[in-house]
Amino acid sequence: IDVELPDTGLKITKLEAGTDAPLGGAIFEVVGPDGATVGTFSTRSDGTVTIPLSLAGNYTVYERVAPLDHLLSDMHCATTFKSQGITKIVVIPGI
């Protein structure tokens with residue numbers, strides 16, 4: 001399924017560690033530049049979720065629920081959006 005990316009956003013991809021196999025069902029919390037939670041988002045069966053963002057600044061992604069039969073990662077990812085019109089892609093390996 002092709003998904004149109006937002007003008008400004010964050011695409012999270014969850015993959016099996018050491019492979020390119022996608023992992024659906026991971027739930028991520030995205031925290032915005034103001035420290036408030038933007039929301040929690042679940043990866044689809046293709047291992048991705050795309051989140052539209054409206055503010056430039058620093059965002060942090062935390063994995064809150066691991067996919068079935070996987071361990072929760074304690075790794076978090078920080079990313080910065082400097083301008084509108086850019087979609088960043090973050091790949092998070094499974095454990």
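## Strand pairing

Two strands are said to pair if DSSP finds at least two bridges between them. In this predicted model, strands E1 and E4 meet that description, pairing in the antiparallel sense over 5 bridges. One of the residue pairs involved is threonine 13 with threonine 48, the latter being its bridge partner in E4. Strand E1 is mostly covered, since 6 of its 7 residues are buried.

Threonine 50 also belongs to strand E4. Its relative accessible area is 18%, and because buried means under 20%, threonine 50 counts as buried. The C-alpha atoms of threonine 50 and lysine 11 are 4.2 Å apart in space, although the two residues are 39 residues apart in sequence.

## The nonpolar core

The largest nonpolar core has 13 residues. Those that touch the most other members are Leu10, Ile12, Phe28, Val30, Ile51, Val61 and Ile92. Several strands contribute to this core: at least two residues come from each of strand E1 (9-15), strand E2 (27-31), strand E4 (48-52), strand E5 (57-65) and strand E7 (87-93).

Isoleucine 92 illustrates how such a residue is surrounded. When residues up to four places away in sequence are not counted, isoleucine 92 touches Ile12, Thr13, Lys14, Leu15, Phe28, Val61, Glu63 and Met75.

## Valine 91, a residue of strand E7

Valine 91 is found in strand E7. Is valine 91 buried, exposed or partly exposed? Its relative accessibility is 49%; the partly exposed class lies between under 20% for buried and over 50% for exposed, so valine 91 counts as partly exposed.

Neighbours within four places in sequence aside, valine 91 is in contact with Thr13 and Leu15. The C-alpha atoms of valine 91 and lysine 14 are 6.0 Å apart, while 77 residues separate the two in sequence.

## Salt bridges between strands

Side chains of opposite charge can pair when their charged atoms come close. How many salt bridges does the structure hold? There are 3.

One of them joins the side chains of lysine 14 and glutamate 63, with an N to O distance of 2.8 Å.

Another salt bridge is formed by glutamate 29 and arginine 64, whose closest N and O atoms are 2.7 Å apart. This pair links distant parts of the chain, with glutamate 29 in strand E2 and arginine 64 in strand E5, 35 residues apart. Glutamate 29 is buried, with a relative accessible area of 14%, whereas arginine 64 counts as partly exposed at 43% relative accessibility.

## The salt bridge of aspartate 46 and arginine 44

A further salt bridge connects aspartate 46 with arginine 44, and their closest N and O atoms are 3.2 Å apart. Aspartate 46 has a relative accessible area of 34% and is partly exposed. Arginine 44 is likewise partly exposed, with a relative accessible area of 36%.

Note on methods: Residues numbered from 1 in each chain as written. Predicted model: local features only at pLDDT ≥ 70, side-chain atom pairs only at ≥ 80, totals over all residues. Heavy atoms only, no water. Core = buried A, V, L, I, M, F, W, Y, C linked by side-chain atoms within 4.5 Å. Buried < 20%, exposed > 50% of the residue type's maximum accessible area, 1.4 Å probe, protein only. Helix = DSSP H or I, 4+ residues; strand = E, 2+ residues; numbered from the N terminus. Contact = heavy atoms within 4.5 Å. Salt bridge = Lys/Arg side-chain N within 4 Å of Asp/Glu carboxyl O.
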